[in-house]
Amino acid sequence: MLLCVTASHKTASFELLERLSRTPDDVASTLVDMTPCVQGAVVLATCNRFEAYVEMDEPVTAAGAIGVEAVLEAVEATTGVAAAEFEGAYAVHSGRRVAEHLFSVASGLESVVSGEGEIAGQVRRALKSARKDGTTSPELERLFQRASQAQRKVKNVTALGRAGRSLVRLALELADSRIADWSAERVLLVGTGAYAAVTLATLRERGAVDISVYSPSGRAEVFAAKHGIRPVSAAEYARTAAHSSLLITCTTATEPVLGPEHLQHPVGVVAAGCPVSATGTGSHSQQLVVDLGMPRNVDPAVGALDGVALLDLETIRLHAPLEELQATDAARSVVREAADTFHVVGARQSVTPSVVALRTHMFSLLESEIARARARGDEDGRVEQALRHLTGVLLHTPTTRAHELAAAGRADDFAAALGALYGIDPVEPAAEQGPESSIA
């Protein structure tokens with residue numbers, strides 16, 4: 001049974017999501033090790049959601065309740081968020097609902113900004129991380145691979161991607177009201193990950209040219225060389241920050257990387273050849289700080305400084321545009337169809353061992369009877385032909401019925417009937433892990 005425990009911007013506070021995102025990497029492995037009922041786990045942690053996808057051992061009584069309890073215990077053990085704090089801030093999806101939910105998430109339908117594109121890569125990376133840690137399972141592999149396929153179809157056949165905007169674009173659109181000429185801005189980008197690359201491209205689209213980059217993890221020079229901007233060393237960071245008119249942070253650091261101490265310096269300190277003003281901030285009378293980090297990269301105290309405006313994810317979220325209803329409806333139709341297909345295929349797979357066992361049993365009897373017929377003189381093969389035809393006719397109805405029962409979630413009933421009538425015990429085939437390239 002598939003299970004999803006999800007906390008998102010729709011159910012949880014920004015502060016709680018921030019705490020959950022600090023140490024998400026160990027949740028899946030802790031969850032898998034916690035109980036033998038858990039067959040696999042994949043954790044998806046982004047700036048606006050924290051989700052645990054779990055495959056539970058189907059025969060377990062009350063598997064859903066056990067799975068939720070295991071998730072809460074794993075979260076508490078790895079992030080420090082107690083179950084009592086989590087209460088009321090999460091939702092649970094199980095069975096057929098899990099696929100539709102993940103497909104919606106991957107397509108950007110559940111994002112702050114409907115249709116934002118970053119989430120698709122985050123879903124793919126969540127599966128890759130689970131593979132690396134050995135916590136995935138065949139059914140979770142299939143689920144996440146089909147989620148990526150659904151996302152691509154939504155992108156290709158609907159206008160959702162054009163209707164929605166990424167968080168980066170939305171943040172810079174909100175900054176437009178404060179910036180008259182992007183080419184005149186002195187921009188400091190803090191961070192060198194995927195979000196930083198997207199931010200840099202978006203800045204250039206708007207006309208920004210004076211851009212430098214600082215990396216708390218020391219990767220500024222490599223990133224700067226690749227993208228043709230100026231790297232900032234640790235020794236230069238505070239001076240450059242104080243002198244910049246626009247600062248954008250987007251790192252995965254678990255503690256703030258920009259605070260009041262970086263923006264306030266004694267009179268006379270020189271930053272990039274320009275004196276710092278007597279007010280304590282750079283030569284610009286107004287600085288704009290955009291915090292795209294989760295957890296937050298900027299100390300909230302920065303927003304209280306004179307001449308500094310702070311725009312963080314919580315504020316950006318409040319300005320997210322209304323969904324474009326037509327595009328969203330079309331996307332949801334694609335997602336529902338993909339989820340239905342996922343379950344039909346899964347249902348057929350679930351009953352396949354039973355169907356194979358029945359056919360193996362019947363054809364074994366058939367070969368025995370053909371051998372007897374040949375021994376009795378069936379030289380022209382007419383008896384063999386009749387026996388093969390009869391076996392095919394006899395197998396047609398139970399095979400069709402098996403697929404119907406599986407689609408209704410009753411594959412176990414068919415397996416039980418085989419056991420009762422023929423003493424057949426279907427053996428599950430070993431499932432193969434899907435190739436990583438299929439979700440690229």
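A salt bridge is taken here as a side-chain nitrogen of Lys or Arg within 4 Å of a carboxyl oxygen of Asp or Glu. The structure is a predicted model, in which local features need pLDDT of at least 70 and side-chain atom pairs count only at pLDDT 80 or more, whereas totals for chains, interfaces and linings use all residues. Residues are numbered from 1 along each chain as its sequence is written, and side-chain values use heavy atoms, with hydrogens and water left out.

By this criterion the structure contains 19 salt bridges. One of them joins Arg-169 to Glu-205, with 2.7 Å between the closest N and O atoms. Helices (H or I, at least four residues) and strands (E, at least two) are DSSP runs numbered from the N terminus, and in these terms Arg-169 belongs to helix H9 (residues 167-175) and Glu-205 to helix H10 (residues 194-205), so that distant parts of the chain, 36 residues apart, are linked. With buried defined as under 20% relative accessible area, exposed as over 50% and partly exposed as in between (1.4 Å probe, protein chains only), Arg-169 is partly exposed at 33%, while Glu-205 is exposed at 53%.

Glu-141 and Arg-131 also meet through their side chains in a salt bridge (2.8 Å, N to O), which links helix H7 (residues 138-157), holding Glu-141, with helix H6 (residues 118-133), holding Arg-131, across 10 residues. Both Glu-141 and Arg-131 are buried.

A further salt bridge brings together Arg-388 and Glu-367 (3.3 Å, N to O). Because Arg-388 lies in helix H16 (residues 382-407) and Glu-367 in helix H15 (residues 325-375), the pair ties together parts that are 21 residues apart in sequence. Arg-388 is partly exposed, with a relative accessibility of 37%, and Glu-367 is likewise partly exposed, at 39%. These two residues belong to a network of salt bridges that links Glu-367, Arg-374, Glu-384 and Arg-388.

Strands are treated as paired if DSSP finds at least two bridges between them, and four strands form an open sheet in the order S2-S3-S1-S4, with antiparallel pairing. Strand S2 (38-46) and strand S4 (91-94) stand at the edges with a single partner strand each, so one side of each is left without a neighbour in the sheet. Strand S1 (residues 2-8) pairs with strand S3 (residues 49-56) in the antiparallel sense over seven bridges, and Leu-2 stands opposite Glu-55 in S3.
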